[in-house]
Amino acid sequence: MANQAATAESRPDYQYKELEENEVRFVTILPAPEFDDDIILQISHGQLPRVSGESQERSGRRRMSPKEVRETLPSDWKAFQSNDGRFLFVHYQNLSERLYDKTSWVHPDSSIDPGLYLPPEKIDSQPKYEALSYTWGSPSHTQDADMGYIIQATPSPDGTESFAKLSLTPNLASAIRHLRFRDRRRKLWIDAICINQESISERNAQVLRMVDIYRIAHRVVVWLGPSSSTSANALKTIAHLGKQTVYTTDCCVSWSPDATESPKWDTRTRLPYTTETFRSIADIYAREWFKRVWVVQEIQLARDAVVFCGHDSISWDRLWEATGMLLKNYHIDRSLLPTEHVDMAWMLGRKDFGARGSIETVLSGLGRLATEPRDLVYGLLGLLPPRLRSRIQPRYGSQNEWEAYRDVFLEHTEFVQRLEMTNPFNLPKGVRVQDSRPSWVPDLKNKSLQPWDFFCGGTHLAAGYSRSWVKSSYVQSETVGNRHLLALTVEGVQCATVSRVKDMSTPAKLGISAMTQAMRRLASEHSRGDSTSLYVTGETFDSALAKTFSQGYYKERKPGYNDPILKTWLNVLFSPATMSMSTRGALQPESATLKDEAEYEKLVRCMKETILPVFKTRPYFETKEGYVGVGPPDSQHGDIVVVLLGCDRTVFLRPNPLESNTFTVVGNAYTYGLGDATALLGPLPEPWSIQIFGDVEEPTVAKFWNAETGKPSEDDPRLGPLPDEWKRVYRDRTADDPYIFQPFLNRVTGETITHDPRMSPEALRARGVNLRTFTLV
């Protein structure tokens, strides 16, 4: 049959039949004995099988949660979750120093029934099919399109099979030729074939079905592209590396119980690979598939996945384990294996995806590729919580990209009642709003955004646990040529005016040594030899600058995180001792102890992963009122610094000269001294301070530490008691919750809210807070 479809010119184009309600198409690839044989396909309609999903019970018992598993462990054991859902049990020699000597997939207490902690069994749905995850390729290559031949339902007059032709992109044709079997059929769902791309209404409907299509599939098949001269060796190396380590959902790399290397490998191991091998691995991670926006939900929804490069394959779980090691290893030369390539793969596979709330899903397309810009919204709908997903409808053909970005901003903001999407977006340098969009509409196409641009936002708490109060309406604006523009009104407090902006990109690009020297010069400008000079918060400028440059990454602020103590930052910035590089590549005093060395390793990691990337695009700034911080890329003299209700960080607004009380959103900022709701509630009284807790399983929460009693409290000492009708409730985060939330229950109405009722605009005004309304255009 392989070449019965010859003479393409004589074949009619395939005509799609309309899908009935709830139907999808499947494509069956017919076998071919030779690689270059014609591509013969059958297209069928059918209902998706019922979601039998994964059994949540074994032997009638519910699987224990991570917290419950940890409560069953001896004191010298800890449990972590691997990406495939298993628990990794780790025995520690020294828990405080995180020194461990054994890992196991089996609970150390043999009396614990394995059925209580092993992953649930996967149960296949019927009929069984696979779903293809691949890249379409550039539209400019359509003239090179290959041809597939579809067996028609109606035979030819002579009784033989009748064929119609269907154009396939070169990459899809290559995938089919590599994936088809020689002796049996293979049933798949492939978007370019199974969705009639000429029908806008069908595209809109089928995009919403993809959440079920990929979730129910027996397996997702990832196609990276044809093999290269080095790809087979690269995949073999990645598979071996993935067997040695386990990359847990809380981003720790541990020895795998299945490891074959001795001694065991970890992030400090110098991997025994040549320059050529590292380059071949980099070539795998640089493939376009890792950068595409649609693959995020395709991998996240997959029950199982396998990755093909040519005829070579590797399980997705094994590749992801190796990715953790390649991302976190201390000794890899990043000129051979750039972090940004590996990081793209890591972001795809995290099984704690969305654990920080729906904002993580909404923003997961940042920096990714999409031929259709609206797909940066539509391509992620399958991962949104159902209630939010139902509010956002794909509208190919009737909505441009900015309208799609605007709608997801407004729907998400109303849904979570926080200005979460304001956090990561900044006005690019030199771009005037009238040339592009309203400044408050996020540019999801902006590829320059850093991970810092959102997920560190929750440690600032500039507006505390308040909710946002926003309205959108059309206004006639001279700023955009006297045209009508959709404006956003928000509530907040004006705090400061920018007086100085200093570009730090050059030292940040040169590395840690150049950056620390630049920070020291700024420190000396302020102290002028007097280390006791005071900041607006009442502490020394040295302390304030150290906290500013660390951006909250110090142990005293975040006790549960692996960050350096504040003294380490102060030593690097202000110690007269000579600094050198340790044998492990950490900046430290020459007389450092092993404990010092560990601290400086933490600082170097923090500098490399967060601080340097931030200052490559963001400037240092000062205000007339004495505040300092890290501003948005287009910071300018005269910008005002505001705290908006429901927004985790301070925001720069630029007054519009043509209209009073209208502002351009410049972007978010880290302004030291304006975090922790200080602009709304005033500074914390002595002896209180705020500490940040939380991880992928727990919501980020601020606890108020009393230095005199040595005890934390969840009650803000600046706020009075709750009104009688309200009480605080405790529950786990759901997908519907914002990143920063505190649940409260109204005893009278039964309503539950995720913000503090004592921080409503009315309550704040009653406290004397000078709230004002800002109109953003």
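Let's start with a three-stranded open sheet, whose strands line up in the order β5-β6-β7 with antiparallel pairing. (Strands are DSSP runs of E of at least two residues, helices are runs of H or I of at least four, and both are numbered from the N terminus; two strands pair if DSSP finds at least two bridges between them.) This is a predicted model, in which local features need pLDDT of at least 70 and side-chain atom pairs count only at pLDDT 80 or more, while totals for chains, interfaces and linings use all residues. Residues are numbered from 1 along each chain as its sequence is written, and side-chain values use heavy atoms, with hydrogens and water left out.

At the edges of that sheet sit β5 (77-81) and β7 (99-104), each pairing on one side only. Five bridges link β5 to β6 (residues 87-94) in the antiparallel sense; to find one, look at F80, whose bridge partner in β6 is L88. Neighbouring strands here are turned by 30° against each other on average, direction ignored.

Now jump along to another open sheet of three antiparallel strands, ordered β26-β27-β28. Its edge strands, β26 (688-693) and β28 (711-713), each pair on one side only, and the twist averages 40° from one strand to the next. Between β26 and β27 (residues 701-706) there are six bridges, running antiparallel, and Q691 stands opposite K703 of β27.

Next up is β8 (residues 130-133), a strand covered on both faces: E130 and L132 are buried on one side, A131 and S133 on the other. (Buried means under 20% relative accessible area, exposed over 50%, and partly exposed in between, using a 1.4 Å probe and protein chains only.) β8 runs parallel to β11 (residues 186-189), joined by two bridges, and parallel to β12 (residues 219-223), joined by four. E130 is a handy landmark: it stands opposite L188 in β11 and opposite R219 in β12.

Finally, find helices α5 (residues 231-244) and α6 (residues 275-285), which pack at an angle of about 95° with their axes 8 Å apart. (Axes are lines fitted to C-alpha atoms, for helices over the stretch in contact, and angles run from 0 to 180 degrees between N-to-C directions.) The two helices are therefore roughly perpendicular, a label for 65 to 115 degrees; under 35 counts as roughly parallel, over 145 as roughly antiparallel and the rest as oblique. On the α5 side, the contact (heavy atoms within 4.5 Å) is made by S231, N233, A234, L235, T237 and I238, and on the α6 side by T277, S280, I281, I284 and Y285.
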